[in-house]
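Hi everyone, thanks for coming. Please take a look at the sequence and the structure on the screen, and then we'll walk through some details together.

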Amino acid sequence: MDDRVCNKCGKRLKVEKGIPKEDFVQVQKTWGYFSKKDGTIQRFIICEDCLEQLEKEFVIPSGLEDVTEWM
């Protein structure tokens, strides 16, 4: 995927030679039984700014931990 755009705000994320230069969250969900979307795959991207806005609405905060070793 060379063209990365935040589904929430429409911001075009920087990509150089196929390498993202901005971080983002990419979600892919295969919906199953007991869902209105059973049998479909849903995908979207959210930029870091939009994710921070979304997290402010959480009743239970998301988990965050430091990473000391990068793979």
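Let's start with Glu 22, which sits in the loop between β2 (19–20) and β3 (24–30). Strands here are DSSP runs of type E with at least two residues, and helices are H or I runs of at least four, numbered from the N terminus. Before we go on, a word on the model: it is predicted, so local features need pLDDT of at least 70 and side-chain atom pairs count only at pLDDT 80 or more, while totals for chains, interfaces and linings use all residues. Residues are numbered from 1 along each chain as its sequence is written, and side-chain values use heavy atoms, with hydrogens and water left out.

With Lys 11, Glu 22 forms a salt bridge, the closest N and O atoms being 2.8 Å apart. Lys 11 lies in the segment before β1 (15–16) and Glu 22 in the loop between β2 and β3, so the pair ties together parts that are eleven residues apart in sequence. A salt bridge means a side-chain nitrogen of Lys or Arg within 4 Å of a carboxyl oxygen of Asp or Glu, and a search of the whole structure finds one. The side chain of Glu 22 also has a polar atom 3.0 Å from the backbone nitrogen of Lys 14.

Buried means under 20% relative accessible area, exposed over 50%, and partly exposed in between, using a 1.4 Å probe and protein chains only.

Now for Arg 4, also in the segment before β1. At 11% relative accessibility, Arg 4 counts as buried. Beyond its neighbours within four places in sequence, Arg 4 is in contact with several residues, including Lys 11, Gly 18, Pro 20 and Ile 45. Pro 20 itself lies in strand β2 and, at 35% relative accessibility, counts as partly exposed.

On to the inside. The largest nonpolar core has seven residues: Cys 6, Leu 13, Phe 24, Ile 45, Ile 46, Cys 47 and Cys 50. Strand β4 (residues 41–47) gives the largest share of this core, three residues. By nonpolar core I mean a set of buried Ala, Val, Leu, Ile, Met, Phe, Trp, Tyr and Cys residues joined through side-chain atoms within 4.5 Å. In soluble globular proteins, nonpolar side chains tend to be buried together.

Last stop, the aromatics. Rings of Phe, Tyr and Trp (its six-membered ring) pair if their centres lie within 6.5 Å; planes under 30 degrees apart count as stacked, over 60 as edge-to-face and the rest as tilted. By this rule the count comes to one aromatic pair. Tyr 33 and Phe 34 form that pair, edge-to-face, at 6.4 Å centre to centre with 65° between the planes. Tyr 33 counts as exposed at 71% relative accessibility, and Phe 34 counts as exposed at 89%. Phe 34 is in the loop between β3 and β4, and its phi is near 70°, a positive value in a residue other than glycine. Most residues other than glycine have a negative phi.

Notes: Polar contact = N/O pair within 3.5 Å; in protein donor to acceptor, adjacent residues only side chain to side chain. Contact = heavy atoms within 4.5 Å.
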